[in-house]
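The stops below are given in the order in which they may be selected.

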Amino acid sequence: MGLVWKLVVASLWAPGAAGTAPGALKLDNYTLDKALGIPDFSLLLKVDQSYAYGDKEDQFKTLAKLAYAVPKFLIAEVPVQEYGDKENDDIRQRFKLEKADYPAYMLFSEANKEGLRYSGEVKAPELAVWLRKNGIKMPAIGTIAELDELAAKFLADKGAEHIKAAKSLAEWEFKGDRKAPMYVKIMERIRDKGHEFVKSERDRVSKIMQGGKISEEKKEEMQDKLNVLGSFEL
């Protein structure tokens, strides 16, 4: 480990640097650029209001805990103070954010020096899928890793052998997991209708969930389907 790296790590783990979410770094307008300058590291940055709470914050905490084991990858947060000294408001301005954008997620990596903005729903499984599609080796959340790999292979060539392999896993190794047969059905629909099926099905399922007239069990099943659909996004 070089001297520069040691100094950066020391500055990030100094008192006050720890994030409120376990596994995340808490950054500010002094330490953000230091973190972004760590050689060969990628960083997912969340810019949010001070004292964030609720489901979206819980999703962030879930993501941060699972990310700690990913090599050369950090998750960080910058809390922006709306009143008083307006701490870190310059960071909000730097990234052209408004309060309505919170929480805003941006991925900084070798391929995205200026930060790639996340535009999807703030759910840990969907953020994890998005990160994997952008080269971060995040573990699967709410999906089945083995079938995620088959989904990626299927998207590459639409080979029938991948559907067959998915059926085998669904019938044997993952029998009893309701998510497993979803992979098979989605592959078959993409084969028959084209990849646009993924977006249309996502829109349909999201609309059902937002309707508010379904049981909690059905809502959980619909969320599973959204998670699995995320594995088929290009």
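A residue is called buried when its relative accessible area is under 20%, exposed when that area is over 50%, and partly exposed in between, using a 1.4 Å probe and protein chains only. Helices (H or I, at least four residues) and strands (E, at least two) are DSSP runs, numbered from the N terminus. The model is predicted, so local features need pLDDT of at least 70 and side-chain atom pairs count only at pLDDT 80 or more, whereas totals for chains, interfaces and linings use all residues. Residues are numbered from 1 along each chain as its sequence is written, and side-chain values use heavy atoms, with hydrogens and water left out.

**First stop: helix 5**

Select residues 124-133, which form helix 5. This helix is mostly covered, since eight of its ten residues are buried. The buried residues are A124, P125, E126, L127, A128, V129, W130 and L131.

Now select W130. Is W130 buried or exposed? With a relative accessibility of 15%, W130 counts as buried. Contact here means heavy atoms within 4.5 Å. Setting aside neighbours within four places in sequence, W130 is in contact with L44, L107, L116, R117 and Y118. The C-alpha atoms of W130 and G120 lie 8.6 Å apart, and these two residues are ten residues apart along the chain. Just after helix 5, select G135, which takes a positive phi of about 90 degrees.

**Second stop: helix 5 against helix 10**

Axes are lines fitted to C-alpha atoms, for helices over the stretch in contact, and angles run from 0 to 180 degrees between N-to-C directions. Helix 5 and helix 10 pack at an angle of about 5 degrees, and their axes are 9 Å apart. Helix 5 is therefore roughly parallel to helix 10. Angles under 35 degrees count as roughly parallel, over 145 as roughly antiparallel, 65 to 115 as roughly perpendicular and the rest as oblique. On the side of helix 5, P125, E126, V129 and K133 meet Q223, L226, N227 and G230 of helix 10.

Helix 9 contributes V198, E201, R202, R204, V205, S206, I208 and M209 to the contact, while helix 10 contributes K219, M222, Q223, K225, L226, L229 and G230.

Select D48 in strand 2 (residues 42-49) and E57 in helix 3 (residues 55-67). D48 is buried, with a relative accessible area of 7%, and E57 is buried, with a relative accessible area of 4%. Which side chain makes a polar contact with the side chain of D48? The partner is K46, at 3.0 Å. The side chains of E57 and K46 are likewise joined by a polar contact of 3.0 Å. A polar contact is a pair of N or O atoms within 3.5 Å; within protein, one must be able to donate a hydrogen and the other to accept it, and residues adjacent in sequence count only if both atoms are side-chain atoms. Not counting residues up to four places away in sequence, D48 touches E57, V78, P79, V80, Y102 and P103.
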